Amino acid sequence: MPAKGTARSAQTLAVFRAEHFRVVNGANLGDPVGHAEELELADMYRLSPVAGEVGLRVVPHPDRPFTVAPGTEVGAEGAELHLDCSLTLMSGDGATTEAIVLVETDAQGDVAATYLLPLAPITPKRDYALVGVDTEGPLASFAQMACVSFTRGTLITLATGAQCAVEDLRVGDKVLTRDDGPQPIRWIGQRTTRASGGFAPVEIRAGVLNNLNDLVVSPDHRLFIYQRRDELGAGRAEILVRARHLVNGDTVRQLSGGFVDYFQMLFDHHQIIYAEGIAAESMLVDERTAAILPSEFEGRLAELLPGHEESSRSGLEVAEELLRRGDAAALLRKSSSG
């Protein structure tokens, strides 16, 4: 029987079938990518020109295998899905790409299928050398994809009204929240990652959403906007909008290339705080992101998961369809300015 909240926590991953990513030079010549024990460093892989991403719908779990969710394009509904390992792949120009190997098992525990989840674009007609295999960190890598993050230099409003760069915040500092007033920070996470694919941050230029300075956040970071007039047709005044849905290549753009320092900020409950003068969400602990927390939080997960779920404000999120227009950011600024 599906666990409570399964439908709400399911998500679709864009994966490649393992047979479409094979060794073209090396010890495992001709073999598809497989689980960690089968892999050989320095093997050269290439994506098939007929490969296409397929939708693998999953329910993540922080402490056990994922499960394949209803409505999936590939995989058997209800099957266990194991995050076997993280791969580091290097192309000829020296750029590295991370990917996660997912192994689906049947009722007997045998391998039913294997998939590759790229964390940055992988393209045909390019060779990728396997330079790293990590069996300890795939869950954390997956969690990082889903975790909302601020970038170095982002100014956060403290309870006193003062502005503090996110990298200078400390556990216990009180931050101004929209709904609960001053709240102490319980944990701050930090990770440096390559700014590519799903990890490339989104820059919202100063003034676009009435922000004081450029605001640079992770792609799935949700911004809170109070509409004085419902310009988007969302049907409500209070809305949450994902940064990546506002990208227009001009005033809102994705910054690919180099590396980015990401910071996560955790409170007892999911909060709306103020970054560069506008409202944005803090880290939400759910089945996807729990793995990023340090071991001292293991005893508190039972408390954090339901507490954050109740304050997630998921009903306020605007569907991507309403934002598929080049002037979405301008409309939001207009709607919130009165």
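**Figure 1. Polar contacts of the T72 side chain in the predicted model.** The backbone oxygen of G55 lies 3.5 Å from a polar atom of the T72 side chain. At 2.5 Å, the side chain of T72 also reaches the backbone oxygen of V74. A polar contact is a pair of N or O atoms within 3.5 Å; within protein, one must be able to donate a hydrogen and the other to accept it, and residues adjacent in sequence count only if both atoms are side-chain atoms. T72 belongs to the loop between β5 (66-68) and β6 (80-91). When neighbours within four places in sequence are set aside, T72 is in contact (heavy atoms within 4.5 Å) with G55, L56 and R57. This is a predicted model in which local features need pLDDT of at least 70 and side-chain atom pairs count only at pLDDT 80 or more, while totals for chains, interfaces and linings use all residues. Residues are numbered from 1 along each chain as its sequence is written, and side-chain values use heavy atoms, with hydrogens and water left out.

**Figure 2. The largest pocket and its lining.** The volume of the largest pocket is about 1,400 Å³. Its lining comprises 48 residues, of which Q11, A146, D220, R242 and R288 are the closest to the centre. A pocket is an open set of points on a 1 Å grid over the protein atoms alone, where a 1.4 Å probe fits, with protein on both sides within 12 Å along at least five of seven lines; lining residues have an atom within 4 Å of a point. Grid points are joined across faces, edges and corners, and a volume is the space filled by probe spheres set on the points. At least two lining residues come from each of α1 (6-9), β1 (11-17), β8 (111-118), α2 (138-146) and α3 (301-310). Helices (H or I, at least four residues) and strands (E, at least two) are DSSP runs, numbered from the N terminus. By class, this lining holds 23 nonpolar, ten polar and 15 charged residues. Ala, Val, Leu, Ile, Met, Phe, Trp, Tyr, Cys and Pro count as nonpolar, Asp, Glu, Lys and Arg as charged, and the others, Gly among them, as polar.

**Figure 3. The second largest pocket.** This pocket contains about 260 Å³ of space. Of its 13 lining residues, F224, I225, Y226, I278 and A279 are the closest to the centre. β18 (222-226), β23 (278-281) and α4 (328-337) each supply at least two lining residues, and β18 gives the most, with three. The lining consists of eight nonpolar, three polar and two charged residues.
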